[in-house]
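Thanks for coming. Please look at the sequence and the structure first.

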Amino acid sequence: MSRAKPMPAHERRQALIEATIPLLIEHGANISTRQVAEAAGVAEGTIFRVFESKGDLIHAAAAASLDDGRLQASLAAIPADADLRSALIAVVGALEERVTRLRAIVTLFHRANPEAHEGHPPFPPPGPFPPPPHGEPGEPLHYPRPDPRAAHLLVTNAVVEALTPHAADLAVPPSTAATAIIGLTFGALHLTAADPALSTPDEIVDLLLHGIAKDNA
């Protein structure tokens with residue numbers, strides 16, 4: 001019986017990242033390489049053939065979690081015939097899920113790197129990594145830091161696309177509505193909002209739809 005063809009390094013790296021993300025969200029930075037190996041269905045030593053250390057793997061997984069397609073998939077699943085309020089509640093729910101994951105990842109790195117509380121970025125400095133899929137062997141590359149502007153643009157574009165079918169029901173362009181929804185949702189669930197006044201998608205959507213002034217104001 002012939003042996004299975006070994007998986008290319010970049011595919012193995014991606015498989016390990018995908019196996020690590022849910023472990024990080026559930027357990028934090030204290031995950032073991034054994035846990036990752038079991039989740040990925042590989043031998044523990046395989047990890048160190050594509051990552052220099054567990055820390056490198058954790059950093060790569062945390063960065064990848066910012067753009068893993070979950071938000072786009074959730075928004076794409078909103079029924080086309082949903083009314084505006086139902087669609088907005090679904091959008092806010094998807095944003096809240098993203099905020100929850102981001103809080104878990106940021107908290108994870110704050111705990112692992114106490115200096116992050118002193119004004120330093122929550123992600124550890126990027127160190128040398130094995131070449132990415134298109135790198136040349138031995139090329140001195142670094143794993144990039146997550147780009148917050150790119151991540152925000154990704155979110156904005158996804159929300160605009162979800163709102164576009166409801167443009168006729170909006171008093172402002174979908175892009176403006178997206179800015180308001182994202183700003184209010186992210187602000188209500190910010191890391192410093194220990195007891196947010198707006199804690200459910202319904203509450204956020206009602207404020208968006210009806211504002212803060214009384215009808216007779």
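Before the first pair, one definition: a salt bridge here is a side-chain nitrogen of Lys or Arg within 4 Å of a carboxyl oxygen of Asp or Glu. Keep in mind that this is a predicted model. In general, side chains of opposite charge can pair when their charged atoms come close.

By that rule the count is 3 salt bridges. Take glutamate 97 and arginine 70, whose side chains meet with an N to O distance of 3.7 Å. Glutamate 97 sits in helix H6 and arginine 70 in helix H5, so this pair ties together parts that are 27 residues apart in sequence.

Next, arginine 85. It forms a salt bridge with aspartate 202, at 3.8 Å from N to O. Arginine 85 belongs to helix H6 and aspartate 202 to helix H9, so the pair links parts that are 117 residues apart in sequence. Arginine 85 has a relative accessible area of 32%, which makes it partly exposed, and aspartate 202 is partly exposed at 36%.

Arginine 85 has another partner, aspartate 206, and there the closest N and O atoms are 3.0 Å apart. Aspartate 206 is in helix H9, so this pair too ties H9 to H6, across 121 residues of sequence. From C-alpha to C-alpha, aspartate 206 and arginine 85 are 8.4 Å apart in space. Aspartate 206 is partly exposed, with 29% relative accessible area. Setting aside neighbours within four places in sequence, aspartate 206 is in contact with Arg85 and Gly211. Taken together, Arg85, Asp202 and Asp206 are linked in a network of salt bridges.

Now the interior. In soluble globular proteins, nonpolar side chains tend to be buried together. In this model the largest nonpolar core has 26 residues, and those with the most contacts inside it are Leu75, Val91, Leu95, Val159 and Leu163. Which helices supply at least two residues each? They are H5 (70-76), H6 (84-112), H7 (148-163), H8 (174-188) and H9 (201-210). H6 gives the most, with 7 residues.

Leaving aside neighbours within four places in sequence, leucine 163 is in contact with Leu88, Val91, Leu170, Pro174, Ala177, Ala178 and Ile181. There is also a second, separate core of 18 residues, which includes Ile21, Leu24, Ile31 and Ile47.

In helix H2, residues 33-40, the residues Thr33, Val36 and Ala37 are buried. Seen down the axis of H2, its buried residues fall within an arc of 100 degrees, so they line one face of the helix. On the face of H2 turned away from the buried side are the exposed residues Arg34 and Glu38.

What do the buried residues of H2 pack against? They pack against H1 (9-27), H3 (44-50) and H4 (54-64). Just after H2, glycine 41 takes a positive phi of about 70 degrees.

H1 and H4 also meet each other. Their axes come within 8 Å and cross at roughly 80 degrees. Angles of 65 to 115 degrees count as roughly perpendicular, and H1 and H4 are therefore roughly perpendicular to each other. The residues that meet are Leu16, Ile17, Thr20, Ile21 and Leu24 in H1, and Leu57, Ile58, Ala60, Ala61, Ala62 and Ala64 in H4.

Last, valine 155, which lies in helix H7. Buried or exposed? Valine 155 counts as buried, at 2% relative accessibility. Not counting residues up to four places away in sequence, valine 155 touches Leu71, Leu95, Arg98, Ile182 and Phe186. One of these, isoleucine 182, is 27 residues from valine 155 along the chain, and their C-alpha atoms are separated by 8.2 Å.

That is where I will stop.

Notes: Residues numbered from 1 in each chain as written. Heavy atoms only, no water. Core = buried A, V, L, I, M, F, W, Y, C linked by side-chain atoms within 4.5 Å. Buried < 20%, exposed > 50% of the residue type's maximum accessible area, 1.4 Å probe, protein only. Helix = DSSP H or I, 4+ residues; strand = E, 2+ residues; numbered from the N terminus. Contact = heavy atoms within 4.5 Å. Arc of directions from axis to C-beta. Axes fitted to C-alpha atoms, helices over the stretch in contact; angles between N-to-C directions. Parallel < 35°, antiparallel > 145°, perpendicular 65-115°, else oblique.
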